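Welcome! Take a moment to look over the sequence and turn the model around before reading on.

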Amino acid sequence: MRHIISILMENESGALSRVAGLFSALGYNIESLTVAPTEDPSLSRMTLVTRGDEAIIEQITKQLNKLIEIVKLLDLTEGPHIEREMMLIKLKAERTMREEIKRLVDIFRGKIIDVTETSYIVELTGHTKKLDAFINAVESDQVVEVVRTGPSGIARGAKGLTL
């Protein structure tokens, strides 16, 4: 099962490599990873996506909690949460296909953020399944390049991942 783990950690050099090293040492894969400073410049928030059964996720969270840099962590998959991913996709946009691409982008509530004579770059934000559906809806020979952030998530309700 896919899990989104949100981690509040000290914003210091080497912290990210220790988390990645832990996964490597355990033999587990990180599907996606995003890190950015929080409103407190001494802390960063890491959102990590991995797969495993309950025993594997329990082992991962216990090992992560042992790292000195980890202040707090939360498996967002355990409760109600909101997740979003951003994708930039470059599409071939020949004159005959431009209107069709524009309609598809509108249906998926995306934005065309760059236009050249031969291509469009589209920005799309949403659930991972929505981004996958857009890629499947576009003819495969139109796709030039795809860049995705991986999911970011936040728990619903009054509580937050804070100190």
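How many aromatic pairs does the structure hold? In this predicted model, the structure holds one aromatic pair. The rings belong to phenylalanine 108 and phenylalanine 134, with centres 5.3 Å apart and planes at 85°, so the pair is edge-to-face.

**The protein as a whole**

- Four helices and nine strands make up the secondary structure.
- The C-alpha trace spans about 55 × 30 × 30 Å along its principal axes.
- The protein has 163 residues, and 36% of them count as buried.
- Take the contacts between residues at least 6 apart in sequence: 73% of these join residues at least 24 apart.
- The accessible surface is about 9500 Å², and carbon and sulfur atoms account for 53% of that surface.

**The aromatic pair**

- Where do the two partners sit? Phenylalanine 108 is in the loop between helix H3 (98-107) and strand S6 (111-115), while phenylalanine 134 is in helix H4 (residues 128-137), so the pair ties together parts that are 26 residues apart in sequence.
- Phenylalanine 108 has a relative accessibility of 17%, and therefore counts as buried, because the cut-off for buried is under 20%.
- Phenylalanine 134 is buried too, with a relative accessible area of 0%.
- Leaving aside residues up to four places away in sequence, phenylalanine 108 touches Leu124, Lys130, Ala133, Phe134 and Ala137.
- For one of these neighbours, leucine 124, the C-alpha atom is 7.7 Å from that of phenylalanine 108, although 16 residues separate the two along the chain.

**Threonine 128 in helix H4**

- Helix H4 also holds threonine 128.
- Is threonine 128 buried or exposed? Threonine 128 is buried, its relative accessible area being 17%.
- Not counting residues up to four places away in sequence, threonine 128 touches Arg2, Glu83, Glu85, Arg148 and Pro151.

- Helix H2 covers residues 54-66, which makes 13 residues.
- From its first C-alpha to its last, H2 reaches 19 Å, close to the 18 Å expected at 1.5 Å a residue.
- Which residues of H2 are buried? They are Ile57, Ile60, Thr61 and Leu64.
- Looking down the axis of H2, you find the buried residues within an arc of 95°, so they line one face of the helix.
- Here is a handy rule: an α-helix has 3.6 residues a turn, so residues three or four places apart point the same way.
- The buried residues of H2 pack against strand S1 (2-10), helix H1 (15-26), strand S3 (43-51) and strand S4 (70-75).
- On the other side of H2, Ala55 and Lys66 are exposed.
- At the start of H2, aspartate 53 has a side-chain oxygen that comes to within 3.2 Å of the backbone nitrogen of alanine 55.

Note on methods: Residues numbered from 1 in each chain as written. Predicted model: local features only at pLDDT ≥ 70, side-chain atom pairs only at ≥ 80, totals over all residues. Heavy atoms only, no water. Helix = DSSP H or I, 4+ residues; strand = E, 2+ residues; numbered from the N terminus. Expected span 1.5 Å × (residues − 1). Buried < 20%, exposed > 50% of the residue type's maximum accessible area, 1.4 Å probe, protein only. Arc of directions from axis to C-beta. Contact = heavy atoms within 4.5 Å. Polar contact = N/O pair within 3.5 Å; in protein donor to acceptor, adjacent residues only side chain to side chain. Areas by Shrake-Rupley, 256 points an atom, 1.4 Å probe, with all protein chains shown as cover. Phe/Tyr/Trp six-rings, centres within 6.5 Å; stacked < 30°, edge-to-face > 60°.
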